[in-house]
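Take a look at the fold below.

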Amino acid sequence: MEVRAKAPGKIILAGEHAVVHGSTAVAASIDLYTYASLQFPPLSDNDDTLKLQLKDLNLEFSWSVGKLKEAFPVDSGCIPLSPTACSPECFRIIAALVKEHNIPEAKIGLAAGVTAFLWLYTCIIGYKPAKVIVTSELPLGSGLGSSASFCVSLSAVFIALSGCVNLDLNKKGWFMFVDSELDLVNKWAFEGERLIHGKPSGIDNTVSTFGNVIKFRSGTLTRIKSSMLLKMLITNTKVGRNTKALVASVSERKLRHPDAMTAVFTSMDSISNKLATILESPAVDELAITEKEVLLEELMEMNQGLLQCMGVSHASIETVIRTTLKYKLSTKLTGAGGGGCVLTLLPTILSKTIVDKVKAELESCGFQCLTAAIGGNG
Ligand code: MEV
């Protein structure tokens, strides 16, 4: 028996970092996915291992389920229905089990992802032998929500097979999650994200679970019915960075400059709310769309300015901004910053020739340009 789930990556249109401090942010899913599949071995098989295969990285991890149970027995009962945070003691045990696989220090994000996997699996499924395979279309650790879509896709397959929820199959053989079950997927994914990122706001796992365009504040999601089909150029600077460290650096700056940083977060909140209002307001004709795009560009520029105030921009991001500005295009980082991916709004009236020119110039700097449809299903 094999069950598969897919969960999308995301872009943040406005409000990253400030959202960790209680401001509003706006995010959208993109049509690049992480896929998780789970296979239980046949009953006759004596294999007692839990395997995790990360196909894109060509890596495989395995643990004896008997030993896992001895190492950290998770209470049985209906744990799948009540998402639980990993206790510091359990975290130490899991981290030691992950360490046995000798993941290099530099791959700290990978070790954290494997830790999240073990926590989610044992809590939701228990100690059954299985093979879990994960593949992803998302560049890792680049601001497009790869870790959140990893956690969401795993939570979805685990919950589907936990036996604690009764999911209906549609005609194509897909399990249909209703909102309350998606809520459960999201809550577990958030626990995985906390193991990976320390103090995430929850926006990444929420948009990966529910898809579309969302407004997010203090753990609460509001769906946005966008009247616009946004065209974004996503540029991957290929500069690696660590979300946990960047989030912590903003918190430290806030401790040093509480008044100034509170003002920055308040401005971010206004930008996000305005952006959501513009997306939702009806656009009757091409002129109205162009006018709305100009407003969105201004908001993106202001958002980027505030992210610079927080100290999370990077020379590579500034290069993308300068390059696109030559073509009068507006650009902002997306996600944690410090490198990673950058968004450029492509207005509807912009010709393909110009788009190709911008892309070629960015690629000549060593960046990678991606195109993705925005606001699809979770
Ligand atoms: C990361 O995609 C977005 C941040 O705001 C962190 C978070 O919200 O958890 C930087």
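## A four-stranded sheet

This is a predicted model. Four strands form an open sheet, in the order S11-S12-S10-S13. Their pairing is antiparallel. Strand S11 (331–333) and strand S13 (368–371) are at the edges. Each has a single partner strand, so one side of each is left without a neighbour in the sheet. From one strand to the next, the twist averages 30 degrees.

What holds such strands together? Strands of a sheet pair through backbone hydrogen bonds. Here, strand S10 (residues 232–236) and strand S12 (residues 341–345) run antiparallel, joined by five bridges. Thr 235 stands opposite Val 342 in S12. Helix H9 (residues 286–310) packs on the sheet and touches S11 and S12. The direction of H9 makes about 40 degrees with that of S11.

## Annotated spans

An unreviewed UniProt entry annotates residues 108–127 and 147–167 as "transmembrane region". In the model, residues 108–127 are 85% helix and 0% strand. Their end C-alpha atoms are 26 Å apart. Residues 147–167 are 67% helix and 0% strand, with end C-alpha atoms 25 Å apart.

## Two domains

The protein is divided into domain 1 (2–223) and domain 2 (230–371). Their C-alpha centres lie 28 Å apart. Where they meet, 24 residues of domain 1 are in contact with 31 residues of domain 2.

Which strand gives the most to the side of domain 1 that touches domain 2? S1 does, with four residues. By class, this side of domain 1 has eleven nonpolar, ten polar and three charged residues.

Key
Residues numbered from 1 in each chain as written. Predicted model: local features only at pLDDT ≥ 70, side-chain atom pairs only at ≥ 80, totals over all residues. Pairing = 2+ DSSP bridges. Helix = DSSP H or I, 4+ residues; strand = E, 2+ residues; numbered from the N terminus. Axes fitted to C-alpha atoms, helices over the stretch in contact; angles between N-to-C directions. Contact = placed C-beta atoms within 7 Å. UniProt positions renumbered as here; feature names shortened; annotations may be inferred. Domains from an automatic or database assignment. Nonpolar A, V, L, I, M, F, W, Y, C, P; charged D, E, K, R; others polar.
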